[in-house]
Amino acid sequence: MSERPPEKTELNGVNIRRAVPADAAILTVLGAATFVDTFGHLYDPKDLNAYLEEGHSREYYDALLTDDECAVWVAESENKTITGYCAAGPCSLPVDDMPLNSGELYRLYLDQSQQGTGLGRAFMYIVLAWLEANFEHLFVGVYAENARAQKLY
């Protein structure tokens, strides 16, 4: 991958920086918690736990953070608490006739305390700049029940 946006951006006392492999443990917890907060009510508990064990496992985040074709940014407060993250890379959506060199916004997750603060929009500017610099075609997948994310995207 070629160009990168700035390594660090500040918004209202929250720093947005590129994630590092040491962030995997907290992303595992934050990713699962924010997914449950937003979508937990839509799933049978057994199905939800099965998804979390795979889609928000430590192995998932370890792989994501060490994949040279992917990029992850975290929002870190002044006390070093990570309250959100976004991730992007090669498109993995099940799209018929996927164009070559397609990128995807994988996730943009914010703790409820950070929703509505402008942090999601700041993440979007950063991730879109990176995707546009590295891919010809851009995709995002969003749950039908996630009206707030649909508005942001």
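A salt bridge here is a side-chain nitrogen of Lys or Arg within 4 Å of a carboxyl oxygen of Asp or Glu. I'm working from a predicted model. With that rule I searched the whole structure and got 3 salt bridges.

**Entry: R17 and its partners**
I started at R17. Its salt bridge with D23 has the closest N and O atoms 2.8 Å apart. R17 also meets E76 in a salt bridge, at 3.2 Å from N to O. R17 sits in strand β2 (residues 14–18) and E76 in strand β3 (residues 71–76), so this pair ties together parts that are 59 residues apart in sequence.

Next I asked: are these residues buried or exposed? The cut-off for buried is under 20% relative accessible area. R17 comes out at 15%, so I noted it as buried. D23 is buried at 7%, and E76 is buried at 10%.

**Entry: helix α3**
Then I looked up D62, which pairs with R58 in a salt bridge, closest N and O atoms 3.0 Å apart. Both residues are in helix α3 (residues 58–66), 4 residues apart, or about one turn of the helix. Residues three or four places apart on an α-helix point the same way, because there are 3.6 residues a turn. D62 is partly exposed at 30% relative accessibility, and R58 is partly exposed at 39%. Back to R17 for a moment: shared partners join R17, D23 and E76 into one network.

**Entry: helix α4**
Last, I checked the length of α4 (residues 119–134). Its 16 residues should span 22 Å at 1.5 Å a residue, and I found the end C-alpha atoms 23 Å apart, which agrees. I also listed buried residues in α4, among them F123, W130 and N134.

Notes. Residues are numbered from 1 along each chain as its sequence is written. This is a predicted model: local features need pLDDT of at least 70, side-chain atom pairs count only at pLDDT 80 or more; totals for chains, interfaces and linings use all residues. Side-chain values use heavy atoms; hydrogens and water are left out. Helices (H or I, at least four residues) and strands (E, at least two) are DSSP runs, numbered from the N terminus. The expected span of a helix is 1.5 Å times one less than its number of residues. Buried means under 20% relative accessible area, exposed over 50%, partly exposed in between (1.4 Å probe, protein chains only).
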